[in-house]
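These are my notebook entries on a single protein chain. I set out to look up its overall build, its helix packing and a few individual residues.

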Amino acid sequence: MLGDYRIEGIVGVGRMGVVYLAIDRITGRAVALKVLREDISMDPVYRERFRREGGLLTALSHPHIIPIHGMGEVDGELYIASRLVSSTLRNSIVSGEIPVDKAMNVLACVASALDAAHAIGVVHRDVKPANVLVDPGPGDVFLGDFGLARDPEGEALTMPGQVLGTIDYMAPELLDGERVGAATDIYGLACLAVETLTGTVPYLRDTDAATMYAHIVEPPPSVSERRPELPKALDDVLATGMAKDPDDRQASAGGLVVEMLEAMGMPAPSCLAEAA
């Protein structure tokens with residue numbers, strides 16, 4: 001037990017927390033219970049970052065941002081209880097090629113979530129398939145794990161020279177800690193789009209150093225070469241989303257997805273209409 005939650009098993013282990021399947025003994029509802037990992041639980045920076053994640057998720061009420069049911073502390077253990085979602089975009093990618101219409105629906109939902117976060121000054125900083133939660137039954141899509149998110153008051157939680165994020169989706173400016181903003185997430189979304197549509201990360205390299213170098217200096221990949229059914233016009237859209245200079249990227253995450261849809265001659269899915 002942890003407070004009112006009966007722990008049934010482990011769902012996964014992340015950078016900051018262990019996620020359990022738990023039952024709220026008051027409501028009987030199954031939840032994803034994220035608990036700050038024991039090995040970092042005494043670090044005040046991680047404790048504050050964990051608390052901030054819960055606060056951000058509470059503030060970010062949006063159809064495609066994972067909803068939380070509660071947060072708190074029991075005997076020094078910090079927790080966040082959120083909606084239990086059965087799978088992730090990572091699982092879908094590993095399972096095989098994703099139909100284009102389904103891929104674009106997922107990307108549109110993530111874009112709408114990012115735009116909602118950006119509207120209140122929150123930058124996610126870790127957009128990747130493992131942080132996109134997908135409920136295969138109803139087809140619900142949620143952006144989760146705001147543990148690395150940066151809000152207008154968040155500068156103190158990043159030490160000078162510290163690199164936060166996941167290398168395969170990391171914008172060049174994240175590598176030097178400068179000019180981190182909404183455009184940083186747009187870059188991450190473009191990288192996510194490449195992998196969602198082709199099954200492969202933008203820069204598949206043997207080492208982290210080589211991957212970081214590619215993000216900084218190499219041109220974006222061609223999705224039309226990796227998946228010939230995709231139009232070449234899509235390459236230009238994603239190249240803009242992955243521009244080395246943040247000022248050269250689309251103005252919004254939704255704008256990136258709209259340009260992708262236009263390049264493919266597809267209508268906007270309901271996710272973008274919800275955001276509007």
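I began with a term that I needed for the entries below: a residue is called buried if its relative accessible area is under 20%. I applied this to Arg 125, which has a relative accessible area of 8% and is therefore buried. I also noted at the outset that the model is predicted.

**Entry 1**

I located Arg 125 in the loop between helix 3 and strand 7 (132-135). I then looked up its backbone angle and found that phi of Arg 125 is near 75°, a positive value in a residue other than glycine. I recorded this because most residues other than glycine have a negative phi.

I found a positive phi in Asp 145 as well, at about 55°, although this residue is not a glycine. Asp 145 belongs to the loop between strand 8 (140-143) and helix 4 (172-176).

**Entry 1: The whole chain**

I looked up the secondary structure and found 10 helices and 8 strands in the protein chain. The radius of gyration is 18 Å, close to the 19 Å that the globule rule gives for 276 residues, so the chain is as compact as a globular protein of that length. I noted that the C-alpha trace spans about 55 × 45 × 35 Å along its principal axes.

Of the 276 residues, 51% are buried. I also looked up contacts between residues at least 6 apart in sequence, and 63% of these join residues at least 24 apart.

**Entry 2: Helix 3 against helix 9**

How are helix 3 and helix 9 oriented to each other? I found that helix 3 (residues 100-119) and helix 9 (residues 253-264) pack at an angle of about 160°, with their axes 7 Å apart. Angles over 145 degrees count as roughly antiparallel, and the two helices are therefore roughly antiparallel to each other. Their crossing is left-handed.

I listed the residues that make this contact, among them Met 104, Leu 107 and Ala 111 of helix 3, and Val 257, Met 260 and Leu 261 of helix 9. By class, the contact of helix 3 with helix 9 holds 11 nonpolar residues, 1 polar and 1 charged.

**Entry 3: Helix 5 against helix 9**

I next examined helix 5 (residues 182-198), whose axis comes within 9 Å of that of helix 9 and crosses it at roughly 35°. This crossing is right-handed. Helix 5 contributes Ile 186, Leu 189, Ala 190, Ala 193 and Leu 197 to the contact, while helix 9 contributes Ala 253, Leu 256, Val 257 and Met 260. I counted 9 nonpolar residues in the contact of helix 5 with helix 9, with no polar and no charged residues.

I found His 118 in helix 3, and at 17% relative accessibility His 118 counts as buried. Leaving out residues up to four places away in sequence, His 118 touches Val 123, Ala 182 and Asp 185.

Leu 89 is placed in helix 2 (residues 89-95) and is buried, with a relative accessible area of 1%. Leaving out residues up to four places away in sequence, I recorded the residues that Leu 89 touches, including Ile 98, Val 106, Pro 129 and Leu 192. Lys 128 is 39 residues from Leu 89 along the chain, and their C-alpha atoms are separated by 8.5 Å.

Technical notes. Residues numbered from 1 in each chain as written. Predicted model: local features only at pLDDT ≥ 70, side-chain atom pairs only at ≥ 80, totals over all residues. Heavy atoms only, no water. Axes fitted to C-alpha atoms, helices over the stretch in contact; angles between N-to-C directions. Helix = DSSP H or I, 4+ residues; strand = E, 2+ residues; numbered from the N terminus. Parallel < 35°, antiparallel > 145°, perpendicular 65-115°, else oblique. Left-handed = near helix turned anticlockwise from the far one by under 90°. Contact = heavy atoms within 4.5 Å. Nonpolar A, V, L, I, M, F, W, Y, C, P; charged D, E, K, R; others polar. Rg over C-alpha atoms; globule rule 2.2 N^0.38 Å. Buried < 20%, exposed > 50% of the residue type's maximum accessible area, 1.4 Å probe, protein only.
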